[in-house]
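Let's take a friendly walk through a protein model and look at how some of its side chains meet. Keep the structure open beside you as you read.

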Amino acid sequence: MEAESDIKTTPKGFNCGLCNVNLPNQSSVDQHVKGRKHRTLRTVRSTRKTQEQHSVFVSGITPLVSQGDVVEYFTQFGPVSDVVMDKDKGVYAIVQFAETDSLRATLSRVEHQLGGLKLRVKPREKKDFKLIPKKNSSQNLQQALERLKPQLCQLVSVDAQMQYVVERLQLGDNEKKARGLLVQLLQEVFVEFFPDSQIQPFGSSVNTFGVHSCDLDLFLDLDNTKVFQARAKSTAEQAGEGASDDGRSEDSILSDIDLSTASPAEVLDLVAAILRRCVPSAHKVTVVGGARLPVVKFHHHQLNLQGDITINNRLAVRNTRFLQLCSGMEQRLRPLAYTIRHWAKQKQLAGNPSGAGPLLNNYALTLLLVFFLQRCEPPVLPAVDRLKDMACEEEACVIDGWDCTFPSQPIAVPPSTNTQDLSSLLFGFFTFYAKFDFAGSVISLRQGRALPITDFLRQDQPEGAAPEEKSTKLHGPKLGPLNLLDPFDLSHNVAGNLNERAQRGFQKECQEADKYCRSLQYQRKSTKGKSWGLVRLFTPHGEVPQARTEQLTISIPFKSASLPESLRNRLHEAAGGFRLPWFREVCCAVEGVFRGVLACHLAPSTDAAFGAESFADGGADVETAPASLEASLNDSCDGVGSQSGGAPVSGAKRPLSSSSDAAESPGGKRPRLAKRGRPEPPHWVCVQKHAVWAGRRRVRRELIKDTDSRPEGSCVELETKVTAHIVEREPGLTAPLEVKVQPQVIGGTESTKAVLRLEPVSDEAGVFHDFFHFLEAFLPKMVETLLEKEAGTASRA
């Protein structure tokens, strides 16, 4: 009944007032009310309504009245489940009872007095629950650009623009002092409860890359506290009493918790309680126990500052020291980092508001920049292994089994001989990652090179770990679309949170930036006052119109994390030649989708023998692949051959794309010899007589007799039945659709993927584009499903 009241009929369909979304039809309404967002908001609304019905508002108190005093007074009316105090002014409180009878008893009393103070008690105000809409991110991005644009356009060079970006975005001296005072206050508070403990800041606030309003990340080091507690316990046992020689344990909170046996969650709950009760202006204190490294989050109201406190992140402190060292030994790093971070934020590639999600974080962006600078010729920054060799014995450092050794002072590192200016290095960053093979590589700052992903497909130890490290680590990094190893913890993929869409978005934006940096608009100041340099680079999407030609291609990316175990092992054995066996398996699966799932008639081309019989069963051994497929693979790899190691030149023409299908040369120019006489790559001709893409969701719901939230391509048998149902009941096309499907593998200097180029051969019914858009989403998911299914069948056999 409550769900029905949230849904209102509108002229264009329906509207959910709770979630503030429009829905086109009743089927969408049914799906929506069963969705996670709607169910979560209903639960939150119900919880808040219950809290309102059990709470009273109390005013007339003073800051001298403690939370315990309030609880003690109102307990006489019944059990108190929670008390929320006004920490800043201390003039009111909200008291929540466990039972409604307690609420009635409290309100029935005419006068309330606490410690000589006359309290005013009234029912808590009832408020309608409303979902606060998110701020318009596009408007915020445009406003950020407008604040920088006037001055950036007036500067004389891109280098000067980058320096100005640093000046505008970096933490000011007053901000640094305020953060330092807050750290000092927290140190004084926590040392009272955890003797000899230390609060150590890390992250953007202190790694020289901080921006206005960046979070304050803190590590609460309790190692010395554990030693103190053990010593006090031993002394107490010898004396036969519960007091140590200095008497501190009698008043310490440590008498209630044993740090040597307490779980991180118990310690964090204690830290949160201290923040709530003892730190002025600390609000919204919450424990996030489900994170990779559990933290306590808080908001400092007076400084308008978000803060995190963790108790088991010593490696992060060391990472901060590492970035401080890099910044100290290379002055070009900070302008590059600030510029790239701001570019990524403007393009919505980074900057998760909640700290989670599939976007790049600033630490990962900075490591990507450091890796690029390691790969420059000559290198701008040395590899971490080289830094380790430059450190002295006193600087040796091992944390959690990982070797974190590097010099403590930049003067110990010889200066780089690279003399490129900032604009050239920024251009080089975009060019480097525009062509980088993310799918086939694992980025290692430790070794200063990209490691082949096949080294990680079958292993029990992190690649590159020292012998003593391997004995303590039993698993490698979590592989994903972008694999970026932490410089020290080699089992941690810093970009492991990224999904495929985010990785593609990052590389696509790098490609767009690479194209722009080759233009004169990037390097030369406009004489007419137009936007140039970084201004165009920082422009959010939608502000610069771009005419793009539609390419009818479907990409099936190489995703190591989703490959079945048996295929991962075979690719691991293939090492650097893993693309060919993977491509063979993908072609088998593609043919299986067309033939078996979509009931297409599939024939090899007549002008290029594809060897379709080798893939007929969808599970042929990789050694039986035809020579034509091998030639296709070699052609693909040749097309993305090695690029020049030198830095790109601004204003230079881009080389002709290797994947271009254009075989003709401009008028008056002789064609390239390498292209003469090359036969057309093998392809299929797919013939479809029915609109198997139309109405699949409706048919699927009929077959399973209920709505299904699974994505298309999640079940081979079900999708095959859906196709058969459509073929049996629906009329065929007025004329068969014939489509040329040409597979090609791409890799080497860009992300490994199989690309299917689709071209209509005969489309009298005019349905080719509908078929293509259906395959764009359906085919990659179904190929992944078939690979898993065939691997499972092979393992059982």
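Two residues are in contact here when they have heavy atoms within 4.5 Å of each other. Keep in mind that this is a predicted model. Which residues does His-300 touch, not counting residues up to four places away in sequence? They are Leu-182, Pro-280, Ser-281 and Leu-305. His-300 counts as buried, because its relative accessibility is 5% and the cut-off for buried is under 20%.

Now let's turn to charged side chains. Side chains of opposite charge can pair when their charged atoms come close. How many salt bridges does a search of the whole structure find? The search finds 18 of them. Asp-308 belongs to strand S13 (residues 305-310), while Lys-297 belongs to strand S12 (residues 295-300), and the two are eleven residues apart. Are these two partners buried or exposed? Asp-308 is buried, at a relative accessible area of 13%, whereas Lys-297 is partly exposed, at 27%.

Next, find Arg-579 and Asp-437, which form a salt bridge whose closest N and O atoms are 2.4 Å apart. Arg-579 sits in helix H22 (residues 579-597), and Asp-437 sits in the loop between helix H16 (422-434) and strand S16 (441-444), so this pair ties together parts that are 142 residues apart in sequence. Arg-579 is buried, with a relative accessible area of 15%, and Asp-437 is buried too, with a value of 3%.

Another salt bridge brings together the side chains of Arg-518 and Asp-514, at 3.3 Å from N to O. Arg-518 counts as buried at 12% relative accessibility, and Asp-514 counts as buried at 6%. Salt bridges can also link up into a network, as you can see with Glu-500, Arg-504, Lys-559 and Glu-784.

The aromatic rings come next. A pair of aromatic rings is described by the distance of the centres and the angle of the planes. Searching the whole structure gives 30 aromatic pairs. Among them is the pair of Phe-190 and Phe-194, with 6.4 Å from centre to centre and 20° between the planes. This pair counts as stacked, because planes under 30 degrees apart are given that name. Phe-190 is buried, with a relative accessible area of 0%, and Phe-194 is buried as well, also with 0%.

For another arrangement, look at Phe-372 and Phe-429, an edge-to-face pair with 6.0 Å between centres and 85° between the planes. Phe-372 lies in helix H14 (residues 362-375) and Phe-429 in helix H16, so the pair ties together parts that are 57 residues apart in sequence. Phe-372 counts as buried at 6% relative accessibility, and Phe-429 counts as buried at 0%. Both rings are members of one aromatic cluster, along with Trp-343, Phe-371, Phe-430, Phe-432, Tyr-433, Phe-436, Phe-438 and Phe-506.

Our last stop brings a charge and a ring together. What lies over the face of Phe-406? The answer is Arg-318, at 4.0 Å from the ring centre.

Definitions and conventions: Residues numbered from 1 in each chain as written. Predicted model: local features only at pLDDT ≥ 70, side-chain atom pairs only at ≥ 80, totals over all residues. Heavy atoms only, no water. Salt bridge = Lys/Arg side-chain N within 4 Å of Asp/Glu carboxyl O. Helix = DSSP H or I, 4+ residues; strand = E, 2+ residues; numbered from the N terminus. Buried < 20%, exposed > 50% of the residue type's maximum accessible area, 1.4 Å probe, protein only. Phe/Tyr/Trp six-rings, centres within 6.5 Å; stacked < 30°, edge-to-face > 60°. Lys NZ or Arg CZ within 6 Å of the ring centre and 35° of its normal.
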